[in-house]
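This report describes one protein model for a reader who has the sequence and the coordinates at hand.

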Amino acid sequence: MPATIASAATGTEAPGTPVAAAEVTESYQIAQVSVGDVLKSATEEVNKAADAAAAEATGATEAAEAEAAESEEAETSEAAEAEATETETTEAAEAEATETETAETETGDSDALTTEGFDLSTATSLIDSSRLSEMEKMTLETALEQAQSNPALLDAALQQARGALGM
């Protein structure tokens with residue numbers, strides 16, 4: 001049909017037109033296949049590059065997340081250790097202060113149960129704060145009150161109080 005259209009348009013028939021048209025069509029089809037192959041190849045290369053970039057970004061993200069987790073874990077561990085050390089130090093200081101205070105109190109208070117350092121109110125406080133029964137407390141306190149003006153009786157009452165209190 002191309003030869004007929006060309007003949008009708010020019011009024012003459014072009015020699016070899018069907019052969020030339022077949023060659024052009026064949027060249028066009030080859031070019032289409034080549035362009036398609038090039039596009040397909042380029043698309044595959046772009047996809048490979050995109051996949052590689054995505055994998056690299058994923059790897060970098062995972063590495064950063066792991067590093068952040070390790071850093072956070074280390075900071076948490078360090079903070080816990082510091083808190084534990086602070087707690088231990090505080091508890092040790094409190095225990096030492098309590099022991100010192102108790103020792104000072106016991107020394108001062110136990111002096112109240114000697115003839116030389118006798119103090120009725122301190123001795124009574126020691127007896128009241130003890131684990132003795134109410135009857136024992138009352139007996140010891142009464143004995144000390146009655147003996148406070150008599151040194152011979154006071155020494156015996158103080159020995160009895162010290163023995164009851166385990167001093």
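**Basis of the model**

The structure is a predicted model, in which local features need a pLDDT of at least 70 and side-chain atom pairs count only at pLDDT 80 or more, while totals for chains, interfaces and linings use all residues. Residues are numbered from 1 along each chain as its sequence is written, and side-chain values rest on heavy atoms, with hydrogens and water left out.

**Fold and confidence**

The protein contains five helices and zero strands, where helices (H or I, at least four residues) and strands (E, at least two) are DSSP runs numbered from the N terminus. Along the sequence the pattern reads α-α-α-α-α. Of its 167 residues, 14% count as buried; buried means under 20% relative accessible area, exposed over 50%, and partly exposed in between (1.4 Å probe, protein chains only). Among contacts (heavy atoms within 4.5 Å) with a separation of 6 or more, 41% join residues 24 or more positions apart.

The average pLDDT, the predictor's confidence in each residue from 0 to 100, is 76 for the protein, and 73% of the residues score at least 70. Confidence is lowest in helix α1 (residues 2–10), with a mean of 51, and highest in α4, at 94. Over residues 100–105 the pLDDT is below 50, and this stretch has one contact in the model beyond near neighbours in sequence.

The expected span of a helix is 1.5 Å times one less than its number of residues. The table sets this value beside the distance between the end C-alpha atoms.

| Helix | Residues in helix | Expected span | Span in the model |
|---|---|---|---|
| α5 | 15 residues | 21 Å | 21 Å |

In α4, the buried residues are Lys137, Leu140, Glu141, Leu144 and Ala147. Seen down the axis of α4, these buried residues fall within an arc of 140 degrees, so they line one face of the helix; the arc is that of the directions from the helix axis to the C-beta atoms. Glu134, Met135, Met138 and Gln146 are exposed on the other side of α4. The buried residues of α4 pack against α3 (120–128) and α5 (151–165).

In α5, Leu154, Ala157, Leu158 and Ala161 are buried. Viewed down the axis of α5, its buried residues lie within an arc of 105 degrees and so line one face of the helix. Ala152 and Gly163 are exposed on the other side of α5, whereas the buried residues of α5 pack against α4. Just after α5, Gly166 adopts a positive phi of about 75 degrees.

A salt bridge is a side-chain nitrogen of Lys or Arg within 4 Å of a carboxyl oxygen of Asp or Glu. By this rule the count is one. The salt bridge joins the side chains of Lys137 and Glu134 (3.6 Å, N to O). Both residues lie in α4, three residues apart, about one turn of the helix. Lys137 counts as buried because its relative accessibility is 9%, while Glu134 is exposed, with a relative accessible area of 59%.

Glu141 also belongs to α4. Glu141 is buried yet has no salt bridge, and the nearest side chain of opposite charge, Lys137, is 7.1 Å away; Lys and Arg count as positive and Asp and Glu as negative, with His and the chain ends not counted. Leaving aside residues up to four places away in sequence, Glu141 touches Thr124, Ile127 and Asp128.
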